[in-house]
Each structure stands twice: as C-alpha cells, then as structure tokens.
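Welcome! Let us take a walk through this structure together, one step at a time.

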Amino acid sequence: VSDILEEWVPRVYRFALRLSNDPHTAEDLAQETFLRAWRQRDRLRDERAARVWLFRITANLWRDQLRRSRSPVARAGSLGDSAGAEVADASVFTALRQVSEKEELTRALDAMNALPPRQRQVLYLSACEGMASTEIAAVLDMTANAVKANLSLARKSMRQLLPDFFPGAKPVK
Amino acid sequence: MKTSPCQLLDDYLDHDLEPAERTRFVAHLSECLSCRQAVEEHERLKTLLGEAVDLERVPENLIPQIEAGLQLRRRRRRWIAAAAALAAAAATILMVARNLPRTPEPDSPAVQTGTEPLVVVAPPTADPVRITFPPGANVLVVREQSESPNITIVRVYSGQLPAQARGQSREATPSIPERSEQ
C-alpha cells in the first residue's frame with residue numbers, strides 16, 4: 001500500500017490543486033479521495049483504468065464540495081465553464097509579463113493556475129498526465145469535444161501568457 | 001473525403017490518434033513547418049508544465065495521514081467482521097440451546113414459571129469432604145445456612161468461642177476464623 005500511495009498521492013494532490021487552486025483544499029481532497037477509493041475498491045475492475053478512476057473520484061468530491069459550499073475559494077476553483085473566461089484575464093497577462101525575474105518554471109505554473117478552471121484542468125491532465133481526450137472527458141464528466149475545445153483555448157492562453165517561451169505566438173493586444 | 005494531415009494536429013496533440021494515423025502525422029511533420037512548430041511548442045509546454053508541477057511540494061504529512069486513515073478503516077472493518085462472526089455464533093448457540101430437549105431428570109428439582117417449564121439441573125454431587133482435627137485441638141465448628149442444598153458452609157473457630165456463636169452478649173471474637181465449603 002505504501003508504494004501505491006507514494007506513487008499516487010502526489011499525482012492526486014496535484015490534480016486536486018488544479019481543481020481547487022488551494023493547497024489546504026487539495027490536501028483534504030486527496031485524503032478523501034483515497035479513503036473513498038478504499039471503500040469503493042471493488043468497483044475497479046481494470047487496473048489500467050486506475051488513474052481515470054482515482055481522478056474521477058477527486059473531481060466528484062470537488063463537485064460535491066462546490067455544491068455544498070459557496071466559499072470564495074470554491075468559487076475561484078469552480079469546475080464549470082465560466083462564460084466570460086474564454087482566455088485568462090488581461091490583468092494576469094500584464095502581471096505575468098512584469099515578473100520577468102521569476103524562474104521559467106514558476107512562471108509556467110503560475111500561467112497554468114491563472115487559466116479558467118476547465119482549461120486549467122484539461123491542460124493539466126493532457127500535458128502532465130498525458131491523458132487522451134476521452135479519458136479527460138471521463139474524469140471531468142464532460143464530452144470529448146468540450147475537452148478538445150478547452151484544450152485548444154488553454155494552449156492559446158498559455159502562448160499568450162508566456163510569449164517569450166513561444167516565439168511564434170501572437171502578441172497580446 | 002480524405003483528411004489533410006494538418007487537420008490531425010489537434011488530435012495528435014490531444015493523444016487522440018490511432019496508431020496508423022499517428023504514424024502518418026509524424027511523417028507529415030517532416031514536410032510541414034507550421035505543424036512542426038506547433039508540435040514543438042506543445043512539447044515545450046508539456047516539458048515546462050511537467051517540471052513545474054514537480055516543484056509543487058506535496059505536504060510532508062499527507063501520505064502518513066492517508067496511510068493512518070486507511071489503517072483505521074481496515075482495523076474498523078476487521079472489528080466489524082469479528083463482531084458479526086461473534087453475533088452469528090451467539091445466535092447459533094441460542095438457536096441450538098432453544099431447540100434442546102427440556103425433559104427434566106427424575107431426581108432434578110424443577111421450578112414452574114408461567115407456562116414455560118424451567119428445568120434446574122443439579123450439578124453432579126461432589127465427594128464429601130472430611131475435616132479432621134488433631135486430638136485435643138481447641139476448635140469449634142459451626143454450620144452456617146446455605147441457599148444451595150448442594151453447598152455446606154462451616155465456620156471453624158480456634159481458641160475461644162465467639163459471643164455470637166455462644167449466644168452470649170459478652171465480647172469474644174475468634175482469633176482466626178476459617179471457612180470451609182463442601
């Protein structure tokens with residue numbers, strides 16, 4: 001069990017961070033994910049599906065929490081698509097450009113965290129977990145087409161947020 | 001209608017291509033600068049983000065906490081299973097006991113309570129205990145009343161006879177009261 005936890009706890013925790021954008025909430029989500037996974041372990045028929053299964057539990061827990069809570073943290077990390085947030089807010093672009101002294105990786109992380117919730121989540125699962133659209137759709141309970149649309153927007157946003165990393169990107173107006 | 005390889009770009013980036021299509025698209029990359037740049041950008045983004053999330057420190061106590069939580073669940077589950085087994089065993093014993101024949105033995109005392117006959121079965125008779133004292137011993141043996149017909153209680157007093165035993169009012173207590181049961 002320890003080996004499994006060593007491998008999976010960091011991954012679930014980081015995914016929970018992408019959902020909630022809050023370390024304490026992510027910690028709680030990760031804990032509850034494993035307790036629930038233990039209770040429901042009989043439902044996992046195929047070990048190859050373990051990743052989708054675990055992340056789906058995390059996403060469902062987060063969705064339940066959002067329903068129950070109307071806290072500012074919960075709203076900031078909403079799972080749903082936000083109508084006016086097709087790309088990240090322009091103020092974020094400015095702020096990110098101003099912190100030129102920050103390290104590349106921290107900037108990349110900040111840029112991802114600044115994305116609207118859906119884009120942040122699909123980008124993380126695609127880029128960091130290497131999941132296919134269908135798997136992401138299963139985790140986040142959305143259609144594969146919606147996943148692809150959000151991925152496309154997320155990449156566009158990242159190119160705009162990190163123009164110096166992507167020389168071919170169009171400048172932000 | 002045949003799809004242009006450039007149209008497969010998003011599917012390639014999204015890990016959604018079948019192996020044959022993937023091979024076809026990879027071959028296309030060598031001749032399409034635009035797709036190649038897009039793929040290179042994507043790979044750079046993946047690398048950046050992959051390394052960036054590794055920087056995020058997982059709380060040190062998170063794994064031990066989860067492990068402890070799981071152990072608690074396992075222990076609770078074992079307790080519940082043991083309690084269920086115990087309850088099942090108790091229920092079985094009760095059922096067997098209720099179905100045992102209730103005919104009293106001929107010499108056994110029986111008490112009738114309501115309509116249900118309650119049978120009190122006397123334990124097997126113990127061998128009589130014989131107590132002997134050395135000649136000239138200054139002892140007094142007094143038999144006490146017992147609630148059970150199968151138990152005899154005697155008090156053995158050495159030395160002077162107690163006041164209660166003699167039925168006198170003057171104070172006189174035994175030096176070492178002893179108790180013997182048969």
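Across the interface of chain A and chain B, 7 salt bridges are found. Keep in mind as you look that this is a predicted model. Side chains of opposite charge can pair when their charged atoms come close. For one such pair, find Asp14(B) and Lys148(A), whose side chains form a salt bridge at 3.3 Å, N to O. Another is made by the side chains of Arg18(A) and Glu56(B), with 2.5 Å from N to O. Arg18(A) sits in helix H1 of chain A, while Glu56(B) belongs to the loop between helix H3 (33–55) and helix H4 (62–98) of chain B, so this pair joins two chains. If you count over all chains, the total comes to 14 salt bridges.

Now step back to the interface as a whole. Here 44 residues of chain A are in contact with 34 residues of chain B. The area buried between chain A and chain B is about 3600 Å², and carbon and sulfur atoms give 64% of that area. Which three residues supply more of the area that chain A buries against chain B than any other three? They are Trp38(A), Leu105(A) and Arg155(A), which together supply 17% of it.

Polar contacts also cross between the chains: 11 residue pairs are in polar contact between chain A and chain B, counting pairs with both residues at pLDDT 80 or more. On the side of chain A that touches chain B, at least two residues come from each of helix H1 (2–20), helix H2 (23–39), helix H6 (104–114), helix H7 (117–128), helix H8 (133–140) and helix H9 (144–161). H1(A) gives the largest share of that side, with 9 residues. Sorted by class, the residues of the side of chain A that touches chain B are 25 nonpolar, 9 polar and 10 charged.

Finally, let us look inside chain A. Two packed helices are described by the angle between their axes and the distance between the axes. For H8(A) and H9(A), the angle is about 105° and the axes lie 8 Å apart. Angles of 65 to 115 degrees count as roughly perpendicular, so H8(A) is roughly perpendicular to H9(A). Where do they meet? Ser133(A), Ile136(A) and Ala137(A) of H8(A) touch Ala144(A), Val147(A) and Lys148(A) of H9(A). This contact of H8(A) with H9(A) has 4 nonpolar, 1 polar and 1 charged residues. You have come across Lys148(A) already, in its salt bridge with Asp14(B).

Definitions and conventions. Residues are numbered from 1 along each chain as its sequence is written. Chains are lettered from A and ligands numbered from 1 in the order in which they are written. This is a predicted model: local features need pLDDT of at least 70, side-chain atom pairs count only at pLDDT 80 or more; totals for chains, interfaces and linings use all residues. Side-chain values use heavy atoms; hydrogens and water are left out. Contact means heavy atoms within 4.5 Å. Buried area is the accessible area (1.4 Å probe) that two parts lose on being put together, summed over both. A salt bridge is a side-chain nitrogen of Lys or Arg within 4 Å of a carboxyl oxygen of Asp or Glu. A polar contact is a pair of N or O atoms within 3.5 Å; within protein, one must be able to donate a hydrogen and the other to accept it, and residues adjacent in sequence count only if both atoms are side-chain atoms. Helices (H or I, at least four residues) and strands (E, at least two) are DSSP runs, numbered from the N terminus. Ala, Val, Leu, Ile, Met, Phe, Trp, Tyr, Cys and Pro count as nonpolar, Asp, Glu, Lys and Arg as charged, and the others, Gly among them, as polar. Axes are lines fitted to C-alpha atoms, for helices over the stretch in contact, and angles run from 0 to 180 degrees between N-to-C directions. Angles under 35 degrees count as roughly parallel, over 145 as roughly antiparallel, 65 to 115 as roughly perpendicular and the rest as oblique.
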